[in-house]
Amino acid sequence: MAPMSRNRGKSSRIGFTPPKDRVWMSRTPILIWALAIMVFARTASSQGLSTVETPTPTATTAQIVEQMQRHDQRQARILQNYEGLRHYSVVYRGFARTITANMDVEVNYQSSSGKSFSIISQNGSGMLCDKVLKRALDSEKEASLDRSSTALNSVNYKFQLVGTDRVGDRPAYVLTVEPVSPSKFLYKGKIWVDATEFAVAKMEVQPAKNPSFWISRTLIHHTNGITSGFWLPEQNRSETKVRIGGTATMSIDYQSYRIKAQPDLSTTPPAAGSR
């Protein structure tokens with residue numbers, strides 16, 4: 001594991017102690033931004049399962065949402081375990097400085113116990129590693145233990161079909177989503193649902209409830225792709241603007257999935273895919 005940087009922005013002048021208010025102002029935006037990561041991590045865990053169903057050309061909002069929920073239920077039966085690698089990158093720009101951090105993480109998902117994470121390497125700002133990246137991992141682990149509270153379904157969200165589009169070379173339905181009850185752990189915005197397999201292919205959302213006054217805006221962009229018949233996260237990027245100082249962006253690249261599934265005895269098994 002690469003050693004973490006411990007540079008906390010100390011003055012190079014011997015014996016000089018920065019005023020307390022200056023230290024607070026320089027660190028507070030980063031700490032406040034970490035709150036938005038709670039939403040970001042839950043969005044990053046979104047996933048669906050490939051099916052062999054044929055889309056209804058004139059599908060209604062209710063039909064699309066029903067198919068999405070069938071995906072989730074079928075996934076719970078079939079997807080037993082997967083492992084993968086992730087690369088996290090954070091850049092914070094504010095107070096006339098830029099600080100960065102990177103982390104490589106191995107993830108292990110078990111249907112019976114949720115997700116666990118092993119940090120392979122990390123470098124850059126110790127504060128970003130501790131206050132942002134590790135908090136994101138903790139938040140996603142917690143969410144994986146209770147998916148019902150954040151699941152993209154009709155219990156937690158209201159949906160509205162607003163049109164059609166393409167994601168890559170595949171047709172998709174575009175729906176707006178809004179929580180039934182505002183929560184900083186849920187989101188609002190648009191989702192793109194694959195018109196053939198009814199899996200969420202793309203999301204452009206923001207927290208339904210601002211986690212802090214100091215955060216003016218957080219935008220989240222997320223894409224899923226097909227791996228061995230399952231739709232799993234490919235990329236996730238968030239951008240947060242802090243009222244009193246700067247902009248922070250985080251990106252996650254998902255790689256090298258290794259999947260273990262059991263046969264679905266109720267329906268035809270998903271066709272294998274590649275990505």
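**Aromatic pairs**

Reply: The structure holds five aromatic pairs. Rings of Phe, Tyr and Trp (its six-membered ring) pair if their centres lie within 6.5 Å; planes under 30 degrees apart count as stacked, over 60 as edge-to-face and the rest as tilted. This is a predicted model, where local features need pLDDT of at least 70 and side-chain atom pairs count only at pLDDT 80 or more, while totals for chains, interfaces and linings use all residues. Residues are numbered from 1 along each chain as its sequence is written, and side-chain values use heavy atoms, with hydrogens and water left out.

Me: How do tyrosine 82 and tyrosine 109 pair?

Reply: They are stacked, at 5.2 Å centre to centre with 25° between the planes. Tyrosine 82 is in strand β2 (residues 79–94) and tyrosine 109 in strand β3 (residues 97–110), so the pair ties together parts 27 residues apart in sequence. Strands here are DSSP runs (E, at least two residues), numbered from the N terminus.

Me: Is tyrosine 82 buried or exposed?

Reply: Tyrosine 82 is buried, at a relative accessible area of 1%; buried means under 20% (1.4 Å probe, protein chains only). Tyrosine 109 is buried too, at 12%.

Me: What about the rings of tyrosine 173 and phenylalanine 198?

Reply: Their centres are 6.2 Å apart and their planes at 25°, so that pair is stacked. Tyrosine 173 sits in strand β6 (residues 170–179) and phenylalanine 198 in the loop between β7 (187–194) and β8 (200–207), 25 residues apart. Both residues are buried.

Me: Which residues form one aromatic cluster?

Reply: Tyr82, Tyr109 and Tyr257 do.

How values were computed. Helices (H or I, at least four residues) and strands (E, at least two) are DSSP runs, numbered from the N terminus. Buried means under 20% relative accessible area, exposed over 50%, partly exposed in between (1.4 Å probe, protein chains only).
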